[in-house]
Amino acid sequence: MTYTIEKITTLVGARRFGHRDANIAFLLTDSRSLCFPEETLFFALTSERNDGHNYIADLYRRGVRNFVVEQVPLSYEVNYPEANFLRVADTLKALQRLAERHRDEYDIPIVGITGSNGKTVVKEWLYQLISPDKIVIRSPRSYNSQIGVPLSVWLLKEDTQVGIFEAGISRPGEMPALQTIIQPTIGVLTNVGSAHQENFASKEAKCKEKLRLFYESDVIVYCMDDDTIRRCVSESTLKGELLAWSSKDDKAPMYVHIHIEGLRTVVDYTFKNHLRGQYTIPFIDSASIENSVVAATVALQLDVTPDVLAERMARLEPVAMRLEVKEGQHGCTLINDSYNSDIKSLDIALDFMNRRPDHKGRRRTLILSDIYQSGQSGESLYGEVSKLAIERGVEKFIGIGADLFSHADLIKISEKFFFKTVESFLQSEVFRSLRDEVILIKGARQFGFDRITENLVRKVHETVLEVNLNAVVDNLNYYRDMMKPGTKLVCMIKADAYGAGSVEIAKTLQDHQVDYLAVAVADEGVTLRKNGITGNIMIMNPEMSAFKTMFDYDLEPEVYSFRLLEALVKAAEKEGVTDYPVHIKLDTGMHRLGFDPKHDMEELIRRLKRQNAIIPRSVFSHFVGSDDDGFDAFSTRQFELFDQGSRQLQQAFSHNILRHIDNSAGIEHFPERQLDMCRLGLGLYGINPRNNQTIHTISALKTTILQLRHVPAGDSIGYSRRTVLDKDSLIAAIPIGYADGLNRRLGNRKGYCLVNGKQAQYVGNICMDVCMIDVTGIDCKEGDMVEIFGPELPVTVLSDLLETIPYEVMTGISNRVRRVYYQD
Ligand SMILES: *Cc1c(COP(=O)(O)O)cnc(C)c1O
């Protein structure tokens with residue numbers, strides 16, 4: 001579903017500056033989420049903390065051409081010659097207005113869910129109950145705010161049969177805007193609790209505000225066993241049918257009888273006095289039971305039969321929680337929970353920590369930030385936190401924030417520390433002395449607790465790999481000069497950027513506006529995200545176990561098989577993810593991974609079309625021998641296969657799918673095959689794969705002489721006496737071994753390194769952490785620098801000696817070798 005930019009201009013009542021044609025399929029409010037620049041309309045939202053107008057230049061560079069703004073940039077015709085600016089008085093209102101008009105196009109059941117707790121669970125469960133038969137669009141995650149709701153509603157497509165949207169409010173007056181955007185035909189109120197209570201005069205006031213979502217609804221689902229809700233419903237002017245549920249009043253339109261049997265709950269129900277049925281769910285806590293009743297009521301209203309309901313209820317899946325576990329330094333385990341800083345989620349996280357098998361014998365520590373928006377006084381709130389923490393076995397408490405600092409006496413745990421800021425904690429002795437603890441890190445987003453996690457994650461001896469970041473840029477430009485203008489670029493930073501260290505390389509590349517970064521596995525991508533990489537990241541070998549991580553961190557997987565495709569779609573649907581960008585790999589001759597462009601395309605297209613969880617962003621293949629003219633005929637065959645398969649895919653979709661096949665060697669050797677995008681690997685790291693020559697050396701592996709000794713002729717060096725000296729020699733020991741990635745086959749005079757510019761052979765077998773070199777006749781002393789490879793000794797000399805490729809030598813440098821970055 002796309003809208004022309006003219007149409008949008010009219011719909012939002014904007015004044016347009018710029019006159020390029022455009023079709024808009026995606027709305028964007030957070031520049032970090034950019035994905036399909038050509039078809040994206042960016043709304044420059046303004047808030048107390050941020051101003052979307054500041055991101056226009058960056059987005060324009062990244063290919064975005066359409067912007068909704070409150071102020072048109074100065075000299076826009078000069079600075080943004082290809083852009084359209086739609087000027088409005090209020091960008092948020094314009095976003096909401098557009099979503100409203102989009103919603104108007106649909107005459108289908110739309111479920112609007114509000115309430116203090118359980119909105120996301122009810123939404124996800126309802127989805128599980130009805131989606132097997134119907135095409136359902138629902139809010140991603142908990143997009144339920146003034147911005148989240150319009151972005152969710154925008155996801156409705158021509159073929160949607162049911163929409164399910166959450167609406168969340170935190171202050172009076174917010175609901176009418178959400179009502180006009182969602183216009184729910186079925187309204188659902190889960191419950192009314194204490195969240196955001198501080199902004200409302202009373203529970204009644206909050207309840208009535210929530211009910212405003214249902215002003216135009218045909219049916220309203222709520223619990224009549226709650227007195228406040230019942231009273232508020234009767235006092236509100238609602239015109240729809242009241243579909244209340246109750247476990248007490250058998251006259252209720254949805255009357256339920258609930259009994260728990262072991263680890264399951266059985267619910268018998270009578271729906272509108274005529275339909276009787278029973279279902280069982282695999283949960284026994286009261287929140288899950290209530291949520292299931294609400295979801296069942298809506299499902300029955302949507303004509304799900306009791307048999308089908310029973311079958312699907314029995315297989316209900318819990319809704320994902322966000323708790324990450326990581327290995328920290330000094331024997332610590334870190335549990336990171338950045339979901340929410342309310343007391344309920346604290347309880348869940350503490351419970352999780354307590355139940356982990358690895359806490360035994362280790363101290364349980366809680367690092368907590370101030371809690372916002374509880375509506376409780378500091379006294380009662382932090383008193384409750386203290387009780388909860390003690391109950392859940394917390395032995396050490398670290399509180400961060402002004403509020404906690406001033407309520408320190410309320411925390412009744414003897415080992416406790418308080419800091420006003422994350423910085424002061426990071427600089428403290430308390431931080432440095434964390435040892436053998438299981439640490440729950442739970443902070444409100446504003447506190448940026450990620451900095452604590454980063455500093456606690458495991459780190460690393462005197463061999464270093466020096467990396468010259470300018471040389472990386474020089475190599476980048478070497479290839480860019482060979483690329484046709486407008487061709488996009490993926491930089492391959494898999495395998496820790498070919499050994500150079502992915503984070504710093506990625507930061508450098510991001511500064512130079514490369515379009516995509518590609519890593520091998522999800523964890524590499526997560527590391528980049530945690531270090532401030534906001535651009536597009538592709539995952540070349542997505543693990544089935546890491547889909548959720550990919551969604552959480554906006555990592556775009558490669559898809560190479562039907563099995564992977566199905567698993568990914570399933571995972572995306574479970575998480576409520578829609579239109580998630582993926583990259584389709586075709587096998588044109590490598591015979592490694594990929595779809596067969598001859599036989600698989602129809603089936604692939606069919607499967608992609610019947611779901612909306614994922615969407616192909618690009619399609620690609622890989623040359624097996626673009627570095628060697630001897631394979632040119634084969635490369636041409638590969639290209640033809642790719643050309644055909646990728647065109648077929650493109651023809652099946654209306655949005656532009658990027659096509660790419662050239663790697664480093666291909667960019668140079670097959671410029672006509674650069675297509676929409678190229679993938680730069682080895683060349684970036686300074687080696688031209690076409691001739692094995694150095695472009696610009698980016699790294700140097702260096703160590704120092706630990707000890708020098710004179711060894712007489714006839715003595716042997718090292719384990720198993722493999723090198724016997726034929727003359728009196730000067731031998732140096734250096735702290736690098738095969739565990740650092742120094743190939744053991746270089747020993748016994750097969751290879752050499754450089755000491756003060758002179759070649760020194762490896763003598764004896766290379767040991768694990770140390771090796772010996774022959775420095776006879778070289779002017780040197782203990783402490784002198786040794787170059788294993790670098791500007792004076794190209795890595796290709798080593799790879800040639802080892803009869804391998806430079807890739808293997810570069811990626812073999814182990815993690816314990818510290819990377820040092822510099823710019824000259
Ligand atoms: C590693 C890789 C590249 C980069 O290849 P170079 O020869 O290093 O340029 C390109 N595409 C794919 C799919 C890769 O795995």
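Tutor: Let's start at the ligand: one of its oxygen atoms is 2.7 Å from an N or O atom in the side chain of tyrosine 807. Keep in mind that this is a predicted model.

Student: How much of the ligand's surface does the protein bury?

Tutor: Taken alone, the ligand exposes 390 Å², and the protein buries 92% of that.

Student: Which residues surround the ligand?

Tutor: Among them are Met492, Lys494, Met540, His622, Asn663 and Leu682. Sort the shell by class and you get 5 nonpolar, 4 polar and 2 charged residues.

Student: On to the helices. At what angle do H1 and H4 pack?

Tutor: To read a pair, look at the angle and then at how far apart the axes are. Helix H1 (residues 5-12) meets helix H4 (residues 91-104) at about 110°, with axes 9 Å apart. Angles of 65 to 115 degrees count as roughly perpendicular, so H1 and H4 are roughly perpendicular to each other.

Student: Which residues make that contact?

Tutor: H1 brings Ile8, Leu11 and Val12, while H4 brings Ala94, Arg97, Leu98 and Arg101. By class, that is 5 nonpolar, no polar and 2 charged.

Student: And how are H23 and H24 arranged, parallel or perpendicular?

Tutor: Helix H23 (residues 562-575) and helix H24 (residues 601-609) pack at about 0°, with axes 11 Å apart. Angles under 35 degrees count as roughly parallel, so H23 and H24 are roughly parallel. Phe562, Leu565 and Glu566 of H23 touch Glu603, Leu604, Arg607 and Leu608 of H24. This contact has 4 nonpolar, no polar and 3 charged residues.

Definitions and conventions:
Residues numbered from 1 in each chain as written. Predicted model: local features only at pLDDT ≥ 70, side-chain atom pairs only at ≥ 80, totals over all residues. Heavy atoms only, no water. Near = heavy atom within 4 Å. Polar contact = N/O pair within 3.5 Å; in protein donor to acceptor, adjacent residues only side chain to side chain. Areas by Shrake-Rupley, 256 points an atom, 1.4 Å probe, with all protein chains shown as cover. Nonpolar A, V, L, I, M, F, W, Y, C, P; charged D, E, K, R; others polar. Axes fitted to C-alpha atoms, helices over the stretch in contact; angles between N-to-C directions. Helix = DSSP H or I, 4+ residues; strand = E, 2+ residues; numbered from the N terminus. Parallel < 35°, antiparallel > 145°, perpendicular 65-115°, else oblique. Contact = heavy atoms within 4.5 Å.
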